[in-house]
Amino acid sequence: MAEGSIFKRCGCRDPHTDKPYGTHCPQLRRPNRSWNPQHGHWAYQLELPPTLDGQRRLLRRSGIDTR
């Protein structure tokens, strides 16, 4: 069975470095640490079976509105 994870991310950028925040955006969570429904998109990642030569394979999808 494939293993995976569900997470939230956004496209905001750090104003000082211009690098994307991704999953570390300060607006993704509320002060009580629950998810902010007004910011970001849900994403998931699944670990697929390795290739014949043993290389790791990941399936990632993002841009999903609800969990």
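Contact here means heavy atoms within 4.5 Å. Keep that cut-off in mind as you click through this predicted model, where local features need pLDDT of at least 70, side-chain atom pairs count only at pLDDT 80 or more, and totals for chains, interfaces and linings use all residues. Residues are numbered from 1 along each chain as its sequence is written, and side-chain values use heavy atoms, with hydrogens and water left out.

**Stop 1: the sheet**

Start with the cartoon view. Helices (H or I, at least four residues) and strands (E, at least two) are DSSP runs, numbered from the N terminus. Two strands pair if DSSP finds at least two bridges between them. Colour the four strands of the open sheet, which come in the order S2-S1-S3-S4 with antiparallel pairing. S2 and S4 are the edge strands, each pairing on one side only. Neighbouring strands are turned by 30° against each other on average, direction ignored; the axes are lines fitted to C-alpha atoms (for helices, over the stretch in contact), and angles run from 0 to 180 degrees between N-to-C directions.

Now select S3, residues 41–48. Seven bridges join S3 to S1 in the antiparallel sense, and seven bridges also pair S3 with S4, residues 57–64, again antiparallel. Ala43 is a handy landmark: Phe7 stands opposite Ala43, and Ser62 in S4 is also opposite Ala43. Further along, Ser5 stands opposite Gln45 in S3, while the bridge partner of Lys8 in S3 is Trp42.

**Stop 2**

Move to S1 (3–13) and S2 (20–22), with the loop between them holding Asp18. S1 and S2 run antiparallel and are joined by two bridges. To find the pairing on screen, select Cys10, which stands opposite Gly22 in S2.

Most residues other than glycine have a negative phi.

**Stop 3: the cysteines**

Show the cysteine side chains next. A disulfide is a pair of cysteine sulfur atoms within 2.5 Å, and the structure holds zero of them. Cys12 is in no disulfide; the nearest cysteine sulfur to Cys12 is that of Cys10, 3.6 Å away. Cys25 is in no disulfide either, and the sulfur of Cys10 is again the nearest, at 3.5 Å.

For exposure, buried means under 20% relative accessible area, exposed over 50% and partly exposed in between (1.4 Å probe, protein chains only). Cys12 is partly exposed because its relative accessibility is 22%, whereas Cys25, at 7%, is buried.

**Stop 4: the loop between S2 and S3**

Follow the chain into the loop between S2 and S3 and select Arg33. Arg33 has a positive phi near 75°, and this residue is not a glycine. With 56% relative accessibility, Arg33 counts as exposed.

Leaving aside residues up to four places away in sequence, Asn36 touches Lys8, Gln27, Leu28, Arg29 and Arg30.

**Stop 5: two tryptophans and an arginine**

Trp35 is in the loop between S2 and S3 too. At 31% relative accessibility, Trp35 counts as partly exposed. Display its surroundings: not counting residues up to four places away in sequence, Trp35 touches Lys8, Leu28, Arg29, Arg30 and Trp42.

Rings of Phe, Tyr and Trp (its six-membered ring) pair if their centres lie within 6.5 Å; planes under 30 degrees apart count as stacked, over 60 as edge-to-face and the rest as tilted. A search of the whole structure finds one aromatic pair. The Trp35 and Trp42 ring centres are 5.4 Å apart and the planes sit at 70°, so this pair is edge-to-face. Trp42 counts as buried because its relative accessibility is 10%.

A charge sits over a ring if NZ of Lys or CZ of Arg is within 6 Å of the ring centre and within 35 degrees of the ring normal. Arg29 lies over the face of Trp35, at 3.8 Å from the ring centre.
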